[in-house]
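These are my notebook entries on a structure that I went through step by step. The entries follow the order in which I looked things up.

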Amino acid sequence: MDGQTKKIQEDAIVRVQDMSYDYYEYPEEGQEPVATRAVDDVSLEIRQGEFVAILGHNGSGKSTLAKHLNALLLPSEGSVTITGFDTTDDSHLWDIRQNAGMVFQNPDNQIIASVVEEDVGFGPENIGVPTDEIWTRVAEALEKTGMIAYREHSPNKLSGGQKQRVAIAGVMAMKPKCIILDEPTAMLDPNGRKEVIHAVRELNKKEGVTVILITHYMEEVIRADRIYVMDQGHLVMKGTPREIFSQVDRLKELRLDVPQVTQVAHELRKDGVDLPEGILTRKELVKEICRIAGITRTKPEREGTAANPDEVTVIQDRKR
Amino acid sequence: MDKDLTIGQYYPADSAIHALDPRTKLIATLIYIISLFIFDNWGYVLGIAFLAAVIIISKVPFSYMLKGLKSIAFILILTMLFNLFLTPGTVLWQAGVFHITREGLKMAIELGIRLVALILGASIMTLTTTPNKLTDGMESLFGPLKVFHVPVHEIAMMMSIALRFIPILMEETDKIKKAQMARGADFESGNLFVRAKAMVPLLVPLFVSAFRRANDLAMAMEARCYHGGEGRTQMKPLHYHGNDVAAFVIICAYLAAAITMHAIAGW
């Protein structure tokens with residue numbers, strides 16, 4: 001797993017303490033506003049270099065939480081500290097936003113310029129980076145996200161996945177310590193989704209950038225270091241992917257899906273097959289099934305390879 | 001770069017005019033327009049000769065430029081007709097209430113030439129400059145107005161964002177239109193008023209979506225540390241080069257020639 005090769009530092013880069021956030025609705029002119037608690041008493045800590053996923057159904061408060069990590073929203077109660085700066089401290093606002101870059105859901109609504117490279121340069125321009133350095137940073141950031149070939153293109157001509165990679169490059173050009181991705185793949189097709197998640201994972205592994213991925217696609221989080229699950233404003237589960245996905249029934253209660261493989265393993269287990277909980281990849285499932293069937297594999301199994309039909313027959317025999 | 005942008009009508013080519021700094025082109029266009037109002041009689045020959053030279057250097061096909069004139073043809077003809085028939089003076093031709101005077105004829109011809117030269121001169125600028133550069137150039141030229149608290153940077157930023165979103169909103173209009181047509185909306189039949197009314201179900205969702213986009217974009221810009229023009233550096237700052245100096249010399253020589261000819265020979 002990625003966690004073993006990566007360097008994760010001890011000190012927390014993001015610290016959220018007993019944070020709550022109310023938003024107000026104004027039903028009619030002159031009436032008292034109605035407060036709705038979007039995030040309720042959430043505490044979490046994220047360390048430099050980690051890949052953390054925040055899961056939750058629609059309206060679980062996960063996007064609201066994400067906006068706090070960039071000081072776009074300020075907590076009603078409790079505190080949020082990013083790289084040592086309290087988000088309520090106005091004098092460090094730009095430090096926070098530079099250190100905690102944010103990528104949003106809709107790729108069209110976050111690209112500012114009509115040329116890819118100019119958009120990537122937008123962030124560095126805002127923080128007053130000298131012209132020459134902007135150019136090196138833009139080239140580097142586009143290189144890292146694999147978009148360098150498109151530097152002079154118009155964003156309108158790119159696919160959704162490519163646009164999101166441009167948006168990620170735009171954040172990377174500001175040299176942030178951590179990137180917060182607020183459902184970056186929600187509007188993309190499966191290929192675009194893969195592209196974006198791959199780019200993010202590379203940045204985390206190679207550049208050591210802390211990644212906070214907010215999503216409701218389970219397949220994207222199985223390689224995260226840690227997962228937080230939110231529901232109705234509360235933090236309801238936390239742990240490694242394996243720990244989280246061991247609790248299939250609990251996740252179902254929270255209206256969350258589990259990866260397909262985990263689902264299959266869970267159903268088999270319920271039917272009496274001796275499988276452990278929390279199987280995350282096809283490779284693991286195949287290995288476990290082989291163990292039960294008493295087959296030891298000699299040739300290395302590649303990820304994504306379909307199970308051998310013979311082995312499937314073995315399982316069916318046992319069940320009968 | 002911006003070939004696919006519908007407004008601004010940038011014509012990509014590799015010419016000396018394209019290579020000029022946008023500020024040079026803006027100032028030169030202004031000088032040229034002023035020169036057109038100096039001339040009286042023969043001066044227009046000088047003005048048109050100068051324009052023709054610039055068009056040839058710019059490598060923009062003349063037929064392409066004429067397309068721009070089509071849209072103003074109606075106004076042009078109308079203005080010329082008004083001047084032709086309504087200017088008092090020596091009557092050359094009369095039929096009922098209509099009469100053409102010598103002064104009117106001269107005025108109409110002059111005005112026609114002046115307007116055509118003016119439009120062509122200005123379109124040379126938009127055809128050879130990308131909208132982005134034009135915005136940058138304007139921001140830089142109007143920079144001194146900041147002293148009077150004119151939000152120059154903000155206006156330029158708004159213009160460039162508008163340019164970025166035109167294709168997106170066009171696509172969206174198309175999508176909404178098709179969606180409404182699929183549900184039985186009729187955009188094509190009826191008189192002007194009926195058709196204008198039919199646009200409502202198109203415009204309402206478009207506006208709602210545009211506001212939502214604006215909101216998202218504002219948040220994304222803030223998240224990327226945007227806080228106005230203060231303390232901001234530029235990725236592509238504008239620099240004058242040797243060719244800009246040459247262009248300034250040429251346009252100033254042209255203006256000087258125009259003034260001299262007007263003063264001495266009454267052109």
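Entry 1, a residue of chain B. I began with B:R195 and set aside its neighbours within four places in sequence; the remaining contacts are with B:F187 and B:G190. I note that the model is a predicted one. B:R195 belongs to helix α9 of chain B, residues 192–198.

Entry 2, chain A overall. I looked up the secondary structure of chain A and recorded 12 helices and 10 strands. Of the 320 residues in chain A, 45% are buried. I then turned to contacts in chain A between residues at least 6 apart in sequence, and 63% of these join residues at least 24 apart.

The domain assignment divides chain A into domain 1, residues 2–245, and domain 2, residues 260–319. I looked up how the two meet: five residues of domain 1 of chain A are in contact with four residues of domain 2 of chain A. On the domain 1 side of this contact I recorded three nonpolar and two charged residues, with no polar ones.

Entry 4, an open sheet. In chain A I traced an open sheet of four strands in the order β2-β1-β4-β5, with antiparallel pairing. Which strands stand at the edges? They are β2 (34–47) and β5 (85–86) of chain A; each has a single partner strand, so one side of each is left without a neighbour in the sheet. I followed β1(A) to both of its partners. With β2(A), the pairing is antiparallel over 10 bridges. With β4 (residues 77–82) of chain A, strand β1 (residues 12–25) of chain A is joined by five bridges, again antiparallel. For A:Q17, the bridge partner in β4(A) is A:S79.

I looked up the largest nonpolar core and found 86 residues in it. The residues with the most contacts inside this core are A:V52, A:I54, A:A169, A:I180, A:V200, A:I212 and A:L213. Which helix gives the most to this core? It is helix α6 (residues 160–172) of chain A, with six residues. I checked A:V200 individually: not counting residues up to four places away in sequence, A:V200 touches A:I168, A:L181, A:V211 and A:L213. Another core, of 19 residues, lies apart from the largest one and includes B:I17, B:F39, B:V54 and B:L127.

I recorded 33 residues of chain A in contact with 27 residues of chain B. On the chain A side, α3 (93–99), α4 (116–126) and α5 (131–144) each supply at least two residues. The largest share comes from α4(A), with six residues. By class, I noted 14 nonpolar, 14 polar and five charged residues on the side of chain A that touches chain B.

I took helix α11 (residues 282–293) of chain A, which has 12 residues. Just after α11(A), I found A:G294 with a positive phi of about 80 degrees.

Conventions:
Residues are numbered from 1 along each chain as its sequence is written. Chains are lettered from A and ligands numbered from 1 in the order in which they are written. This is a predicted model: local features need pLDDT of at least 70, side-chain atom pairs count only at pLDDT 80 or more; totals for chains, interfaces and linings use all residues. Domain bounds come from an automatic or database domain assignment. Two residues are in contact if their C-beta atoms, placed from the backbone, lie within 7 Å. Ala, Val, Leu, Ile, Met, Phe, Trp, Tyr, Cys and Pro count as nonpolar, Asp, Glu, Lys and Arg as charged, and the others, Gly among them, as polar. Two strands pair if DSSP finds at least two bridges between them. A residue is buried if 20 or more other C-beta atoms lie within 10 Å of its own, exposed if 12 or fewer, and partly exposed in between; C-beta atoms are placed from the backbone. The expected span of a helix is 1.5 Å times one less than its number of residues. A nonpolar core is a set of buried Ala, Val, Leu, Ile, Met, Phe, Trp, Tyr and Cys residues joined through C-beta atoms within 7 Å.
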